[in-house]
Each structure stands twice: as C-alpha cells, then as structure tokens.
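Subject: Structure handover

Hello,

Here is the structure I said I would pass on. My notes on it follow below.

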Amino acid sequence: MTDAELKSILTRVKRIAILGVSANPVRPSYFVARYLKLKGFTIVPVNPGLAGQELLGERVYGSLAEVPGDVDMVDVFRRSDAVPGIVDEALARWPQLDVIWLQLGVHHDAAAAVATARGVTVVQDRCPKIEYQRLFGELRMGGFNTGVISSKL
C-alpha cells in the first residue's frame, strides 16, 4: 500500500468501528481510539465485554452487527486467526464498507482477498494513528512531535 493510498483512506473515512477496543488507557486500542476521536473521526467502540457501557463519550456495542448506521472503516484489534469471521461479519453488516484496517501484527491474506473481491480496501499490519501522524506531518525524526516529549495526547 502506497503512502498516497493510505493518505486517501485517512482523508475520506469519517466513521470508524474500532473492534476490540479496551477501556484500559494504557492499551494501544484505547489510545488509538482516543487519538482518532481527537482528530475528528467519529469512533464506534465495539467490545462484547464492555457492551452497553460508555467509552470516550461513545456507547460501546457488543458486535459489529449491533452498530447502528453505516461506518466507513472497521479497525481490527484482534488476533489474526479471528480475521475471517470479522471480515464476514463486517461485509454482511455493511455491503458498501470502504475499508477494513488490520492493526499492527494482524494479517490474514485469505480474508483480505475476500474483502478485496467485494471492493473493500484492506490495510494489514499497520496502525492508523501511526500512519496519520506520519503522513500528516505530526512525526519528526525519531518519531517525536516538535521538541516536547510527553505521554499526554
């Protein structure tokens, strides 16, 4: 996937279902969701263990099938072996889904081929937060923004 393709995705998507999001603020899924929300994306948290609760000001859903309305992208924080079922569920729920994004370490070529055959763009083994920061000029040499080092967003 080229930088231009990644930038196009991050420019056109608006509503993102984050599957496997955690309520623990030190987990990557939490700070990726928080970051994307701060950047103006609408996030839809999906985690069966947190269903019905509120996270980052949004209601948490137990499955993709429960999410009301359309989403542009499904961001997957699950093991690679879970991806085929997730792809099937996402394609059944949103026939016009634009993007399935598999997080760092998550990869499944066969499931990606199924989604791609349906016209869905699939990104594997990457993080939208990292790519957004890299492509929109928020990262500098060494991965740090400006000169101030902080754990806060």
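Which residues in α2 meet which residues in α5? Phe31, Val32, Tyr35 and Leu36 in α2 meet Pro128, Lys129, Tyr132 and Gln133 in α5, where contact means heavy atoms within 4.5 Å. By class, the contact residues divide into six nonpolar, one polar and one charged (Ala, Val, Leu, Ile, Met, Phe, Trp, Tyr, Cys and Pro count as nonpolar, Asp, Glu, Lys and Arg as charged, and the others, Gly among them, as polar).

Before the rest, the basis: this is a predicted model, in which local features need pLDDT of at least 70, side-chain atom pairs count only at pLDDT 80 or more, and totals for chains, interfaces and linings use all residues. Residues are numbered from 1 along each chain as its sequence is written, and side-chain values use heavy atoms, with hydrogens and water left out. Helices (H or I, at least four residues) and strands (E, at least two) are DSSP runs, numbered from the N terminus.

Helix α2 (residues 28-38) packs against helix α5 (residues 128-135) at an angle of about 45°, and their axes are 9 Å apart (axes are lines fitted to C-alpha atoms, for helices over the stretch in contact, and angles run from 0 to 180 degrees between N-to-C directions). That makes α2 oblique to α5 (under 35 degrees is roughly parallel, over 145 roughly antiparallel, 65 to 115 roughly perpendicular, the rest oblique).

Serine 29 also lies in α2. Serine 29 is buried, with a relative accessible area of 5% (buried is under 20%, exposed over 50%, partly exposed in between, with a 1.4 Å probe and protein chains only). Not counting residues up to four places away in sequence, serine 29 touches Gly20, Val21, Ser22 and Phe77.

The sheet is open, with five strands in the order β2-β1-β5-β6-β7 and parallel pairing (two strands pair if DSSP finds at least two bridges between them). β2 and β7 (121-123) are at the edges with a single partner strand each, so one side of each has no neighbour in the sheet. From one strand to the next the twist averages 20°. β1 and β5 pair over four bridges, and alanine 17 has valine 74 in β5 as its bridge partner.

The largest nonpolar core has 26 residues, of which Leu64, Val71, Val74, Leu97 and Ile100 touch the most other members (a core is a set of buried Ala, Val, Leu, Ile, Met, Phe, Trp, Tyr and Cys residues joined through side-chain atoms within 4.5 Å). Its largest share, five residues, comes from α3.

Regards
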